[in-house]
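Open the model in your viewer and keep the selection panel at hand. This tour goes from one selection to the next.

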Amino acid sequence: MATIKAPKKLIEVALPLNEINALAADEKSNPFLKGHPRNLHQWWARRPLAAARAIIFAQMVNDPGYERSLGRGINKEKAKVERERLFSILIRLASWDNSSDSDLMQEAFNEIRKSWQETYDLNKSNQDFTEKYERDSVPIFQDP
């Protein structure tokens, strides 16, 4: 069985944590929810949904930086610019106000698809991999 070549994901390299944390705090202290039964007790495991969506995005998108072992990626300067572009998508995903923005969701899905296709192309010589997956069909992600 051949080894699967997996590029580093954005979450493994860098994240705009200050922005994600600020947006998660905003969601937890939403003034429109004051008096809502959910606010009677601050649940110990309350996870802001918008921040979780941003983290999932970062786990599914390849980091643009160069990886010599895989022969993929771009130089440091171009990778920094590309990361900033991906961060802007991620930050918009982390904003609760954008939860119903279908254009943003499509933009995020296109980035995930692009990363999947890159990963598929790196593994197209691996017959076990190509028998299980299709290049144009992004594997289903299910939130447990």
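The model is predicted, and local features need pLDDT of at least 70, side-chain atom pairs count only at pLDDT 80 or more, while totals for chains, interfaces and linings use all residues. Numbering starts from 1 along each chain as its sequence is written, and side-chain values use heavy atoms, with hydrogens and water left out.

Select α3 and α5 first. These helices are roughly parallel to each other (an angle under 35 degrees). Helix α5 covers residues 102-122, and its axis comes within 9 Å of that of α3, crossing at roughly 25 degrees. Helices here are DSSP runs (H or I, at least four residues), numbered from the N terminus. Axes are lines fitted to C-alpha atoms over the stretch in contact, with angles from 0 to 180 degrees between N-to-C directions.

Now show side chains. Arg53, Phe57 and Met60 in α3 are in contact with Met105, Ala108, Glu111, Ile112 and Ser115 in α5 (heavy atoms within 4.5 Å).

Next, select α4, residues 76-94, together with α3, residues 49-60. Their axes come within 7 Å and cross at roughly 150 degrees, so the two helices are roughly antiparallel (over 145 degrees). Leu86, Ile89, Leu90, Leu93 and Ala94 are the α4 residues that meet α3.

Finally, colour Ala50, Ala51, Ala54, Phe57 and Ala58 in α3, which are buried (under 20% relative accessible area, 1.4 Å probe, protein chains only). What covers these buried residues includes α1 (10-13), α2 (17-28), α4 and α5.

Technical notes:
Parallel < 35°, antiparallel > 145°, perpendicular 65-115°, else oblique. Buried < 20%, exposed > 50% of the residue type's maximum accessible area, 1.4 Å probe, protein only.
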